[in-house]
Structures are given as structure tokens and as C-alpha cells.
Amino acid sequence: MEKMEWIAPCHFGLESVLKREIQDLGYEIIQVEDGRVTFRGGIDAACRANIFLRTAERILLKAGSFKACTFDELFEKTKAVPWENYIPEDGKFWVTKASSVKSKLFSPSDIQSIMKKAMVERLKSCYHIQWFKEDGASYPIRVFLMKDVVTIGIDTSGMSLHKRGYRPAAGKAPIAENLAAALIMLTPWRKDRILVDPFCGSGTFPIEAAMMAANIAPGMNRSFTAENWTNLIDRKYWYEAVDEANDLVDDQVETDIQGYDIDPDVLRTARQNAENAGVSHMIHFQQRAVKDLSHPKKYGFIITNPPYGERMEEKERLPQLYREFGESFRKLDSWSAYMITSYDEAERYFGRKADRNRKIYNGMLRTYFYQFLGPKPPRQKK
């Protein structure tokens with residue numbers, strides 16, 4: 001099977017987690033850059049990466065890369081890409097997104113329109129037609145410009161991969177599913193350890209953890225744009241990837257995963273989301289304030305996304321909220337806590353300086369992943 005290059009964008013600061021995931025799928029890493037990982041694999045990589053990767057934003061088929069400092073250069077070099085190898089005569093194609101960093105060409109709308117014209121010119125000469133109906137499968141194009149280097153990818157995913165399909169109603173200030181999965185992967189938590197989220201909201205952390213514990217692939221229950229690319233990807237590769245995912249599921253695994261929230265309405269949403277994801281039997285949701293956080297067992301994990309105070313009325317409550325969180329955590333003397341927040345006074349009111357701190361961009365919002373490490377549990381005798 002011919003190897004191709006694929007691009008997997010992700011949240012800034014989480015490239016190492018995605019890289020490890022891609023390697024675990026058996027693909028060769030080509031390049032790791034800010035916010036994306038490029039890897040090499042056969043055409044089946046489109047199917048397996050979309051279905052199995054928990055931390056990627058989407059999967060792009062790399063169509064070309066070149067340097068362009070003027071719009072004339074951009075036009076000619078885009079036209080030189082062999083678009084006929086990817087887009088059939090009836091294909092619907094457009095540049096859905098253009099981003100530019102430290103490049104002479106920086107207007108997204110101009111980049112998009114010039115590249116579309118160049119693609120049309122190329123395909124007109126290849127297919128010997130003057131007008132494209134564009135009533136077939138969709139081939140959305142995404143382009144990144146970094147220091148005048150243009151990288152073009154064709155989007156195989158469609159909707160962002162964080163949309164697993166289990167969360168139609170997200171509740172208040174939800175954390176993206178792929179970001180939650182990546183943060184869990186940054187901790188030593190494993191399925192045989194306790195996990196509690198005291199600000200669970202719509203249940204994303206507990207649900208993602210349960211899906212990991214049960215080995216449920218995140219893309220099993222959704223569709224992808226490239227499923228209609230019958231000119232490039234034989235349907236059998238999609239069937240094989242889904243069969244592989246089904247064979248790996250173990251939803252009878254025993255876990256101790258709990259989600260608490262003070263709001264009964266969001267807990268109802270969380271329970272419904274867990275039901276949609278097929279993991280409701282693995283998670284215990286309970287209405288409980290953070291000051292009442294407790295657990296009888298030792299060596300557990302707290303992984304959570306507490307309120308940031310984006311609204312003024314919330315901001316006034318944050319010192320008390322983080323203080324109560326810190327006081328509850330201190331009673332769990334053998335536990336570890338991990339929280340993502342943009343609140344710059346988090347450590348002060350939590351009452352402890354983090355052992356580790358990782359900067360992560362949640363969209364355009366700069367957040368910190370604070371890690372308060374507890375002791376390692378004693379080794380179990382064999």
C-alpha cells in the first residue's frame with residue numbers, strides 16, 4: 001500500500017501526547033510542530049486515525065507544501081499540485097480555512113480565493129471542462145502558512161474529532177472531549193485507579209476516562225467526510241477499522257470513576273451523555289459541593305476543570321471555591337490532583353504550589369494544567 005503523509009492538528013502544548021498516540025497506532029512520525037503532528041501511513045490511516053485518535057482535532061491528507069511570498073507564487077504553486085490525484089470531476093472543493101503566522105501573505109480571504117482559482121485552473125485542464133458542477137463528495141481544503149511556507153491539507157474528518165457524538169448538550173463551560181482525553185493521558189491514571197472530578201459539569205472527564213478504560217474508540221459512533229471519497233479510499237478500509245475497534249471494546253471492566261457537581265441540571269446532562277457514550281454503568285455521578293469532597297480509599301486521582309470566572313459574578317466566588325477545593329484535597333493526603341484553569345490566582349487560594357505546571361491553549365484562551373502530586377502507591381505483591 002502506497003504511503004502518504006497525514007497531518008493531525010491538536011491543541012497547542014499537547015503535541016507530545018498526540019505523537020505517542022500516533023506511534024501506538026503504528027505510524028511513522030515525520031514532523032512535530034506547534035499545534036500539529038505529521039505522520040506517514042497508507043490510505044487506511046485516514047480510517048484508523050479518525051476512529052482511534054483521542055487527542056487530534058482532525059486528520060488531513062497532505063496535498064503539498066511550498067514557499068510563497070507573493071500571491072502570484074501562491075497561485076502558480078497551488079496550480080502545480082496534482083489535484084486530479086485527489087479530487088474527481090464531480091468533487092465539491094473549497095478552501096474552508098486559511099491561517100497565517102509570520103508570513104508575508106496574511107489575508108485569509110485572499111489566500112482562500114486565489115487558491116480556489118488555481119485549483120479550478122488545474123482541474124479544467126485535466127478534465128477538459130470549463131464548469132464544475134461540484135455535486136459529488138466534499139473535499140474541504142485547509143491551508144497553514146508559517147514563515148512563508150504553505151502547507152495544504154484535505155480534510156478527511158469533517159466535524160472536529162472532539163465531537164464524539166455523545167454530547168449533544170454540553171452544559172456550562174464545557175471542556176472539549178479531545179482536550180479532556182489529552183489531559184488524562186498526561187497523568188499516571190490507569191483504569192485500575194480511582195478517578196474523581198469534583199466539577200464534572202457535563203461529564204467529559206469521567207466519560208473520556210471510562211471510554212479509555214473500556215477501550216472504546218472515540219470515533220466509533222460518528223461519520224467522516226472521507227467516507228465518501230470512493231475514488232481514494234475503498235469502503236473496506238472503513239469496515240476493517242470499525243471491526244478492529246469493536247474487537248477491542250471491554251465494557252465490563254471494573255472501574256471507580258466518579259463525577260460530582262453542585263448543579264443538578266448539569267448532572268442530568270452528564271448522566272445522559274454517559275448513557276450516549278455507552279459508559280453510564282461505569283461512572284457514579286452525584287450532586288455534591290467541592291467542600292464535601294471525600295473518598296474512603298487512598299491513592300486516587302482528581303482530574304478537573306474548575307470554573308475560570310469568565311463572567312464577573314463568577315469571578316467574585318472563585319477565591320472561596322478554590323480555597324474549599326484545596327482544603328478538601330488536603331484531607332485526601334495520599335491523592336494527586338490535576339486541574340486546568342485560566343484563573344491566575346489558582347495556586348494561591350488552593351493553598352499549595354503545583355509540583356508541575358503546563359501551559360496549554362484552549363482555543364485562544366491560555367490555561368495552565370496544575371499538577372499536585374501525591375505519593376506513589378506501594379507495589380502490590382505478586
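In the predicted model, strand β8 (residues 194-197) is paired with strand β9 (residues 256-261) in the parallel sense, through 4 bridges. Within this pairing, Asp197 has Gly259 of β9 as its bridge partner.

Both strands belong to an open sheet of 7 strands with mixed pairing, in which the order is β10-β9-β8-β11-β12-β14-β13. The edges are formed by β10 (283-287) and β13 (356-362), each of which pairs on one side only. From one strand to the next, the twist averages 20°.

Helix α8 (residues 264-277) lies across β9 and β10, and its direction is at about 170° to that of β10. Helix α10 (residues 318-331) packs on the sheet, where it touches β11 (301-304), β12 (336-341) and β14 (365-372). The angle between the directions of α10 and β12 is about 165°.

A separate site of interest is Ser160, which is located in the loop between β7 (149-155) and α5 (177-185). Ser160 has a relative accessibility of 11% and is therefore classed as buried, the cut-off being under 20%. The side chain of Ser160 is joined to that of His162 by a polar contact of 2.9 Å. When neighbours within four places in sequence are set aside, Ser160 is in contact with Glu57, Arg58 and Arg222.

Methods: Residues are numbered from 1 along each chain as its sequence is written. This is a predicted model: local features need pLDDT of at least 70, side-chain atom pairs count only at pLDDT 80 or more; totals for chains, interfaces and linings use all residues. Side-chain values use heavy atoms; hydrogens and water are left out. Two strands pair if DSSP finds at least two bridges between them. Helices (H or I, at least four residues) and strands (E, at least two) are DSSP runs, numbered from the N terminus. Axes are lines fitted to C-alpha atoms, for helices over the stretch in contact, and angles run from 0 to 180 degrees between N-to-C directions. Contact means heavy atoms within 4.5 Å. Buried means under 20% relative accessible area, exposed over 50%, partly exposed in between (1.4 Å probe, protein chains only). A polar contact is a pair of N or O atoms within 3.5 Å; within protein, one must be able to donate a hydrogen and the other to accept it, and residues adjacent in sequence count only if both atoms are side-chain atoms.
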